[in-house]
Amino acid sequence: MAHKHKDVSSSESSPAKQRPASVASLPYPSLSCSPLKAPSIQQPSQLLTFSYDSNHVQEFNDSALRYYVEPPRGADLGFHYEKSIIRPAERGRLDALLAALSRFKNTLCASSSSRSTVNIPDVNVICWRGVMTKILAAPYEETDSLELNVMLINGTFYFEEHSSDAKLEEKNATTPRNRLLSYYGYAFESYCTTSQPGGHHDVPPDSQDFPGWGGDVNTNIQWCSVVKTKLADRRVIMGGEVDCVRGTYYGKTDNYVELKTSLSLRNSSDEARFEKKLLKFYLQSFLLGVPEIVVGFRTPSGRLTALQSFRTMEIPRLVRGKPGAWDPSICLEWGDRFLAFLQSTIQSSSGREVWRVSFKPRVGITVVMLNEAEVAEVVNGEERVGFFPRWYWEESMAVDCDPGTQSRVHVTSTTEANTGPPSGWRI
């Protein structure tokens, strides 16, 4: 969590003058007509991983990595609810992702004798995976609005989900029932994971009555992957949490597993609701290169009744042709249009300006540059320029490992110079 800093100059953290708002808008596409040709998206390629420890301190290691293990049927997903540590909702800062990218870029610079030995492409977008999931799924979103803060430095867009203090209070003041329902998902992850490869459960000392329990829930602990991909001709870097790995970890995303829970399906209405949820399941895993999603079905009281594994790339076929089915090509075409729209709308002269992109369900988006007071709300009294931590903004505006070249956020895998980028595929 960023530290408060009351002495930041407003002239440095926000535009010098309050500007009149000029609103640009873009409607969502029609859901009744698929695009003739959906843009290709490149298979995600992992750049690096990092962990958060029990106090949510970022560490550049795999200490939080977990391995998949079969959970016991009938497991109580409410077990040890009273002992859980649930991190409260907070502002969706990019700090940890930016720290990881800075570390990766500096490693590349230190290990290459000259720039010519490393193939370093430009990056068009940097954000968390969850933000890109919401952007792509927006044409199908019926109820939840979304606001993003956007900044532009050296041709790279950065997206941060905007949460006001009032919205954070609302999220953290959830009802006890909703808090328990969220806990069922975390408990399922505990039953499905272990600290060592080999398919054997951890055995905490106080869990004799609940075999398969993997340890009390602490949502501060996370293992994250940072990947690069490409939507049409735009390079995108995203970071996101990975639940676990099936088998042995080889440093690639090929055996990553996403874990989800859902109410048991009792009738056709339940099936229709579940198939609707599959859109976000699919996008969330697809964007990070996770090939498998394991869903635990439960009773209303939190008993695990069934387990089903889905191959991520096969999910669209499960809903295709059904009434009201979602179409991933519409999501990708919308994502391409959205990024093109931002590129044509947003111009930054100093790298300090902040824009607000508002997503209205069933309508579309609006884009407006924030005034001085609105930027101050984004800064939130912290050591920042807009939503950037000051150290990253200064680093981005300085020179990189080639003293004669203006710095950008340049990253690639260390093997790409020899193998070339992964080929794209179409849905």
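**Helices, cores and a polar contact**

Student: Is the crossing of α2 and α10 left-handed or right-handed?
Tutor: Good place to start, and keep in mind that this is a predicted model. Helix α2 covers residues 95–111 and helix α10 covers residues 390–397, and their axes come within 11 Å. The two axes cross at roughly 35°. The crossing of this pair is left-handed.

Student: Which residues of α10 make the contact with α2?
Tutor: Let's look at both sides. By class, the contact has four nonpolar, one polar and two charged residues. Helix α2 brings Leu98, Ala99, Ser102 and Lys105. From α10 come Trp391, Tyr392 and Glu395.

Student: How many residues does the largest nonpolar core have?
Tutor: In soluble globular proteins, nonpolar side chains tend to be buried together. Here, the residues with the most contacts inside the largest core are Met132, Phe159, Phe338, Phe359 and Ile365. Ile365, for one, touches Phe338 and Phe359, along with others including Leu26, Trp334 and Val357. A second, separate core includes Ile126, Leu370, Val379 and Phe387 and has 31 residues. The largest nonpolar core has 52 residues.

Student: Which side chain does a polar contact of 2.5 Å join to the side chain of Glu275?
Tutor: Start by finding Glu275 in helix α6, which spans residues 268–288. Leaving aside residues up to four places away in sequence, Glu275 touches Val319, Lys322 and Trp326. Of these, the partner in the 2.5 Å polar contact is Lys322.

Definitions and conventions: Residues numbered from 1 in each chain as written. Predicted model: local features only at pLDDT ≥ 70, side-chain atom pairs only at ≥ 80, totals over all residues. Heavy atoms only, no water. Core = buried A, V, L, I, M, F, W, Y, C linked by side-chain atoms within 4.5 Å. Buried < 20%, exposed > 50% of the residue type's maximum accessible area, 1.4 Å probe, protein only. Contact = heavy atoms within 4.5 Å. Axes fitted to C-alpha atoms, helices over the stretch in contact; angles between N-to-C directions. Helix = DSSP H or I, 4+ residues; strand = E, 2+ residues; numbered from the N terminus. Left-handed = near helix turned anticlockwise from the far one by under 90°. Nonpolar A, V, L, I, M, F, W, Y, C, P; charged D, E, K, R; others polar. Polar contact = N/O pair within 3.5 Å; in protein donor to acceptor, adjacent residues only side chain to side chain.
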